[in-house]
Amino acid sequence: MLSEQPIEALSPDARFVPQAVGQEIMSSKRVLIVAGEASGDMHAANLVRELKKLEPEFSFFGIGGSRMENAGVELLRRTEELSVVGFSEVLSKLGAIRGAMSHLFRETSRRRPHMAVLVDYPGFNLRFARLIRGSIPKIFYYIGPQVWAWGGWRTRSVSLLFDGLISVIPFECDLYEGTRLECHFVGHPILDLVNPKVSKEDFRSECCSRSGPLIGMVPGSRKEEVRRILPIMLRCAKMIREKKKETCFAIGVAETIDTGFVRSLCEKIFEDVLVLEGKTYEVMQASDLLMVASGTATLEAAILGIPMFIIYKTSPLTWALAKALIKVRSVGLVNIIAGRRIVPEFIQFQATPRKICDQILFLLSNRERMEETKKALSEVRSRLGSPGASRRAAEIILDLSEKRCNLSASR
């Protein structure tokens, strides 16, 4: 959540003058789609596939990553160029972000798509929606901005910019009651993705040579996150090993992270840890408990029912600005959806190896607390809806699209 700061909060005076809207005939089968993070790229790609099943003649262009490209989206810019963590990194990439926005606007004006689907990435997408509002018949937001975290003032601006919001957070649509915006909760798309390929028993027999508990680490999907968070996890693991000699450790490395970079951090701090690329769900499922970077991974762990400790650390500038803007008491999505603190959070200055180590050792020795946590995680899992979110999102987008066209024709 801390990685989703709005660009406008940093540089309210940053502006560029868009070119005039082109005169090319609007394509009824052309769709603009924008995702600026690795997770958004994944969810957008699945949405594109479902939209193509429902409307095979659709063509897509926009901003995304390799998954969207493989799904058939023509990429004008790539997510790797724009992905940022916190305010300070936004400043360093502001030129690239504004350049991408300007280029995308020009291409949108020239190609005149039938509709736009903006996926997550609120710092970019909210600003871009203001530019294209009025020049595209229908604009939809999939995986909307976390207005519940940043304050209710954003609810009204979102409701004026979009023709529909496709939500993956169960309570989000309540925030838009009384506005013009149609909001639909479709469930969370990760329910279709969390599917370990190896059983817990097979994984442990192959990868864990010790007889004690297995503690998994999921340090994030962006290099800056991993650079700040993984050393804390590794130092904590080293302390735990000193207390519980038979404990096993494994790191689930995201596909967006260089495994060599992770191994170099391990070599400096604590080497006796298994480093696995592309097997995060297997690591999660096999673990007795997890150390997890704040973000979607907390929901993935909840789906698998694994108790966790949420850890997050960012730059001092980002932290100071986030403290002033964030309106929620918890930063972990699993706690936010639960409506209470069901798993511990160690954020910024509280994220010390000693504090985390003490809490992990306590939980490992307290079977009753462990079971209570698993029960609470099961309740969160049930609130996330049912599998098939991408399909439902595609159906709703098409339904709202037709509804908007019919309303326009009747005027």
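Me: Before anything else, what counts as a helix or a strand here?

Reply: Both are DSSP runs, numbered from the N terminus: helices are H or I runs of at least four residues, and strands are E runs of at least two. This is a predicted model, where local features need pLDDT of at least 70, side-chain atom pairs count only at pLDDT 80 or more, and totals for chains, interfaces and linings use all residues. Residues are numbered from 1 along each chain as its sequence is written, and side-chain values use heavy atoms, with hydrogens and water left out.

Me: OK, Gly-305. What phi does it take, just after H14?

Reply: A positive one, about 75 degrees.

Me: And H14 itself, how many of its nine residues are buried?

Reply: Seven, so helix H14 (residues 296–304) is largely enclosed by the rest of the structure. Buried means under 20% relative accessible area, exposed means over 50%, and partly exposed is in between (1.4 Å probe, protein chains only).

Me: What do those buried residues pack against?

Reply: Their partners include S8, helix H13 (280–286) and helix H18 (367–383). Contact here means heavy atoms within 4.5 Å.

Me: Switching topic: which residues touch the most other members of the largest nonpolar core?

Reply: Tyr-142, Met-217, Leu-234, Ile-251 and Val-334, out of 98 residues. The largest share of that core, nine residues, comes from helix H11 (residues 223–243). A core like this is a set of buried Ala, Val, Leu, Ile, Met, Phe, Trp, Tyr and Cys residues joined through side-chain atoms within 4.5 Å.

Me: What does Met-217 touch?

Reply: Leaving out residues up to four places away in sequence, its contacts include Leu-230, Met-233, Leu-234 and Ala-237.

Me: Where's the kink in H11?

Reply: At Ile-229, about 30 degrees, shortly before the proline Pro-231. The bend at a residue is the angle between axes fitted to the seven residues ending there and the seven starting there.

Me: Last one, S1. Which strands does it pair with?

Reply: Strand S1 (residues 30–35) pairs with strand S2 (residues 59–64) in the parallel sense over five bridges. Five bridges also join S1 to strand S4 (residues 115–119), again in parallel. Two strands pair if DSSP finds at least two bridges between them.

Me: Who sits opposite whom?

Reply: Ile-33 stands opposite Gly-62 in S2, while Val-34 has Leu-118 in S4 as its bridge partner.

Me: Is S1 mostly covered or mostly open?

Reply: Mostly covered, with five of its six residues buried.
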